[in-house]
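User: I am new to this structure. Could you show me how to read its helix contacts and its pocket?

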Amino acid sequence: MLPIVEVSGLTKRFGDFTAVDGVSFEIRPGEILGLLGPNGAGKTTTFQMLLGLVTPTAGSIRMFGKDLVQHREEILSQVNFSSTYISMPYSLTAEENLWVTAKLYGLSDIARRIDEVVKKLEMEEFRHKLTRKLSSGQMTRLTLAKAILTEPKILFLDEPTASLDPDIAHKIRALLKDVRRSAGLSILYTSHNMREMEEMSDRIIFLQKGKVVAQGTVQEITERFGQRDLEEVFLKLARES
Ligand SMILES: Nc1ncnc2c1ncn2[C@@H]1O[C@H](COP(=O)(O)OP(=O)(O)OP(=O)(O)O)[C@@H](O)[C@H]1O
Ligand SMILES: [Mg+2]
């Protein structure tokens with residue numbers, strides 16, 4: 001099967017600092033690829049390039065077999081993302097923000113779709129609250145709702161469960177696996193929770209100082225580094241650097 005995302009030699013320099021340094025990887029159809037790495041490794045910068053928000057210094061990004069620069073609008077209509085850092089109009093209610101996204105993406109049957117995601121993400125008790133009054137976990141759920149509302153083929157999730165309580169985080173992971181299974185979408189995923197990365201990822205890409213230092217399944221990576229689990233691999237790699 002052709003990869004759905006192909007990243008080759010991706011590089012981003014800010015002045016003379018290299019944040020992402022010749023990164024290459026693929027995401028296969030229906031796969032959850034975990035992007036792992038210490039603070040400042042270049043994960044968010046990579047997401048921003050994949051979303052066309054930051055221009056790469058070098059390298060190429062292809063999605064659905066097409067170049068992102070040349071087919072930006074067509075590609076991005078089939079992509080969505082969630083991140084703890086996005087901001088939304090704060091004077092709108094949670095539900096109004098979902099309407100804005102739905103309109104921007106030209107969705108039909110909007111009221112029904114919004115009801116569905118509100119139910120899936122258990123947002124009933126704050127759907128009519130102003131966005132600026134949401135707690136951080138409610139905000140995270142709203143950004144996830146926005147991401148799945150448009151039924152994307154690729155989801156970029158930058159720390160989607162940060163600030164969720166364990167019960168909601170558990171439900172969100174189950175929901176994402178369910179969405180992946182039913183809609184067959186591909187997901188690029190980051191988290192600083194190693195258990196979660198082990199649970200969610202079909203394969204892992206380990207970034208350090210902008211470079212890929214390991215990749216493979218969790219089992220391949222732990223075996224290669226002679227460690228018991230991903231957390232031990234993480235600590236070993238981070239402390240050796
Ligand atoms: N606009 C910018 N200008 C200069 N440096 C930047 C810019 N954006 C990011 N960086 C730097 O690039 C490096 C990578 O940052 P990035 O946000 O991609 O890391 P990350 O892997 O997402 O880390 P975290 O786990 O903390 O979220 C950091 O050293 C950061 O300071
Ligand atoms: Mg980040």
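**Reading helix packing and a pocket**

Analyst: Start with a pair of helices. H5 and H6 are roughly parallel to each other, because angles under 35 degrees count as roughly parallel. Their axes cross at roughly 5 degrees and come within 12 Å. H6 covers residues 166–183. Keep in mind that this is a predicted model.

User: Which residues of H5 and H6 make the contact?

Analyst: From H5, the contact uses Arg 141, Leu 144 and Ile 148. From H6 come Ile 168, Ile 172, Leu 175 and Leu 176. By class, that contact of H5 with H6 has six nonpolar residues, no polar ones and one charged.

User: At what angle do the axes of H3 and H5 cross?

Analyst: Read the angle, then name the arrangement. The axes of H3 and H5 cross at roughly 30 degrees and come within 10 Å. H3 spans residues 94–104, and H5 spans residues 136–149. H3 and H5 are therefore roughly parallel to each other. Next, read the hand: H3 passes H5 in a right-handed crossing.

User: Which residues meet between H3 and H5?

Analyst: On the H3 side, they are Ala 94, Leu 98, Thr 101 and Ala 102. On the H5 side, they are Leu 142, Ala 145, Lys 146 and Leu 149. By class, the contact of H3 with H5 has six nonpolar residues, one polar and one charged.

User: How are H4 and H5 oriented to each other, parallel or oblique?

Analyst: Go back to the angle. The axes of H4, residues 110–120, and H5 cross at roughly 135 degrees. They come within 10 Å. H4 and H5 are therefore oblique to each other. Their crossing is right-handed.

User: What meets what in H4 and H5?

Analyst: Arg 113, Ile 114 and Val 117 are the H4 residues. They meet Ala 145, Ile 148 and Leu 149 in H5. By class, the contact of H4 with H5 has five nonpolar residues, no polar ones and one charged. Now compare the lists.

User: Now the pocket. What is the volume of the largest pocket, and how many residues line it?

Analyst: Take the volume, then the lining. The largest pocket has a volume of about 450 Å³. Its lining has 19 residues. Nearest its centre lie Asn 80, Phe 81, Leu 104, Tyr 105 and Lys 146.

How values were computed: Residues numbered from 1 in each chain as written. Chains lettered and ligands numbered in written order. Predicted model: local features only at pLDDT ≥ 70, side-chain atom pairs only at ≥ 80, totals over all residues. Heavy atoms only, no water. Axes fitted to C-alpha atoms, helices over the stretch in contact; angles between N-to-C directions. Helix = DSSP H or I, 4+ residues; strand = E, 2+ residues; numbered from the N terminus. Parallel < 35°, antiparallel > 145°, perpendicular 65-115°, else oblique. Left-handed = near helix turned anticlockwise from the far one by under 90°. Contact = heavy atoms within 4.5 Å. Nonpolar A, V, L, I, M, F, W, Y, C, P; charged D, E, K, R; others polar. 1 Å grid on protein atoms, 1.4 Å probe; cavity = no way out; pocket = protein on both sides within 12 Å on 5 of 7 lines; lining within 4 Å. Points joined across faces, edges and corners; volume = space filled by probe spheres on them.
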